[in-house]
Amino acid sequence: MMAGKLQFSLVSPEKELFSGEVDGVDVPGEEGDFGVLPNHAPVMTTIRMGAITIKDGSETRRMFLRGGFADVTLEGLIILAEEAVDLAGLDTAKIAQGLRNAEEDVRDAKTDEKRAAAQSRLDYARGLSEALNG
Amino acid sequence: MASLKEFRDRIDSVKSIQKITKAMQMVAAAKLRRAQEAVEAARPYAARMSAVVGNLSSSMDGRPGAPELLVGNGKSDTHLLVVASADRGLCGGFNSQIARHARAEVSRLIQDGKTVKILCVGGKAADQLKRVYADNMVDVISLREYKNIDSSIAAGISAKILSMFEAGEFDVCTLVFSRFKSVISQIPTSQTLIPAKDGLAEGVSAPDLGGAAYDYEPDEEDILKVLLPRNLSTQIFQALLENVAGEMGAKMSAMDNSTRNAGEMIDKLSLQYNRKRQSMITTELIEIIAGAEAV
């Protein structure tokens with residue numbers, strides 16, 4: 001049987017980043033990475049921070065997510081990301097700068113609240129630069 | 001009777017007011033476009049989110065151990081009203097509309113014998129509610145320092161609400177905001193946030209799984225534990241965006257009206273000014289002619 005295509009949409013609170021048909025998506029689940037192909041069994045899971053890989057034909061696109069949820073139904077895959085960026089359009093120097101800034105912010109933070117916020121930004125920046133270089 | 005100079009001064013001052021309102025209208029129009037885009041871009045996420053929550057809640061239905069955020073804590077004695085309004089005025093009846101809606105809600109709840117607490121997001125509705133319900137006010141969160149509404153602001157507000165809920169400070173939480181229907185129409189709306197089950201958009205039904213069983217990873221409870229707070233902040237985020245768009249829409253039409261009114265006023269004043277000038281010239285002429293005849 002022809003496998004068909006997977007209806008995939010990636011939405012973050014600010015906007016819809018991707019919506020369309022693809023061959024498959026690799027998702028970093030909380031309890032391990034998994035690949036979603038067309039006609040995947042229904043599953044609902046949380047996602048840890050990391051990059052997803054969208055495969056369509058010979059093309060692959062990688063997007064970096066900061067946690068969220070993946071919902072697979074018969075209709076397709078929906079990822080609700082807390083924050084998401086397309087890795088293709090990123091500037092390496094800018095990311096490195098962001099990472100350094102985040103490190104400084106963590107050191108300079110005066111209250112616990114600010115430190116926690118800065119720490120989460122740092123984790124994000126670190127994950128992002130790893131995904132970009134790895 | 002005002003002198004000609006006084007007329008000129010008044011016309012000048014109305015003209016500068018008109019310039020200001022005109023500028024404010026244009027600024028509001030530009031911001032409105034951006035805010036409208038933001039609302040529309042954020043809608044899919046909120047819609048998907050309620051679909052997922054609805055999905056999970058239907059599978060949790062009737063089971064013991066369902067999270068209190070979803071099904072409530074069994075009581076409805078104390079209500080927390082989160083009133084979201086704008087932080088700035090000069091936007092017509094926008095803030096008053098929200099405040100009026102909130103006041104009606106509060107008095108209805110008090111009549112039912114409930115305790116009401118009010119948490120204001122944005123200062124303008126707070127100013128109006130303080131006059132009547134100062135004792136019920138818990139806190140006012142100002143959005144003045146933020147240039148753009150982003151999801152971290154909503155996350156902060158929802159964290160505050162959650163910690164209050166966990167401390168048992170209220171049983172039911174309702175959000176009051178203005179739904180952006182169009183530039184000229186914003187509808188004050190109440191939405192139940194906690195228990196989340198009651199606030200789900202109608203018509204959300206479990207997706208057709210074709211008989212296959214839904215797998216949860218980790219299990220439902222763990223997912224709900226993460227999902228429900230996220231859902232809360234998503235709903236708040238959406239409401240804030242709707243509010244900004246509504247505020248800008250209301251401001252735009254309010255400023256458009258003011259600009260037009262100023263224009264009318266200038267016309268009227270100019271007419272009076274011209275009449276006055278004319279009559280002064282006439283008087284002078286009569287005096288000259290009368291003087292010449294007398295010689």
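Which domains does the domain assignment of chain A give? I looked this up at the outset, bearing in mind that the model is predicted. The assignment gives domain 1, covering 6-87, and domain 2, covering 90-133.

**Entry 1. The two domains of chain A**

I took the C-alpha centres of domain 1 and domain 2 of chain A and found them 24 Å apart. I then turned to the contact between these domains. Domain 1 of chain A contributes 7 residues, and domain 2 of chain A contributes 6. On the domain 1 side, I noted 5 nonpolar residues, 1 polar residue and 1 charged residue.

**Entry 2. The contact between chains A and B**

I next examined where the chains meet. Chain A brings 22 residues to the contact and chain B brings 23. Sorting the chain A side by class, I recorded 10 nonpolar, 5 polar and 7 charged residues. Three strands of chain A give two or more residues to this side: β5 (43-47), β8 (68-73) and β9 (76-81). Of the elements on the chain A side, β5(A) gives the most, with 4 residues.

**Entry 3. Backbone exceptions**

Most residues other than glycine have a negative phi, and most peptide bonds are trans.

N39(A) sits in the loop between β4 (32-36) and β5 of chain A. Is N39(A) buried or partly exposed? I classed N39(A) as partly exposed because it has 14 C-beta neighbours inside 10 Å, a count between the limits of 12 or fewer for exposed and 20 or more for buried.

In chain B, L90(B) also is not a glycine and has a positive phi, of about 55°. I placed L90(B) in the loop between β1 (78-84) and α3 (94-111) of chain B. L90(B) has 16 C-beta neighbours inside 10 Å and therefore counts as partly exposed.

Lastly, I checked the peptide bond from I194(B) to P195(B) and found it cis, with omega near -5°. P195(B) belongs to the loop between β5 (185-194) and α6 (196-199) of chain B.

Note on methods
Residues are numbered from 1 along each chain as its sequence is written. Chains are lettered from A and ligands numbered from 1 in the order in which they are written. This is a predicted model: local features need pLDDT of at least 70, side-chain atom pairs count only at pLDDT 80 or more; totals for chains, interfaces and linings use all residues. Domain bounds come from an automatic or database domain assignment. Two residues are in contact if their C-beta atoms, placed from the backbone, lie within 7 Å. Ala, Val, Leu, Ile, Met, Phe, Trp, Tyr, Cys and Pro count as nonpolar, Asp, Glu, Lys and Arg as charged, and the others, Gly among them, as polar.
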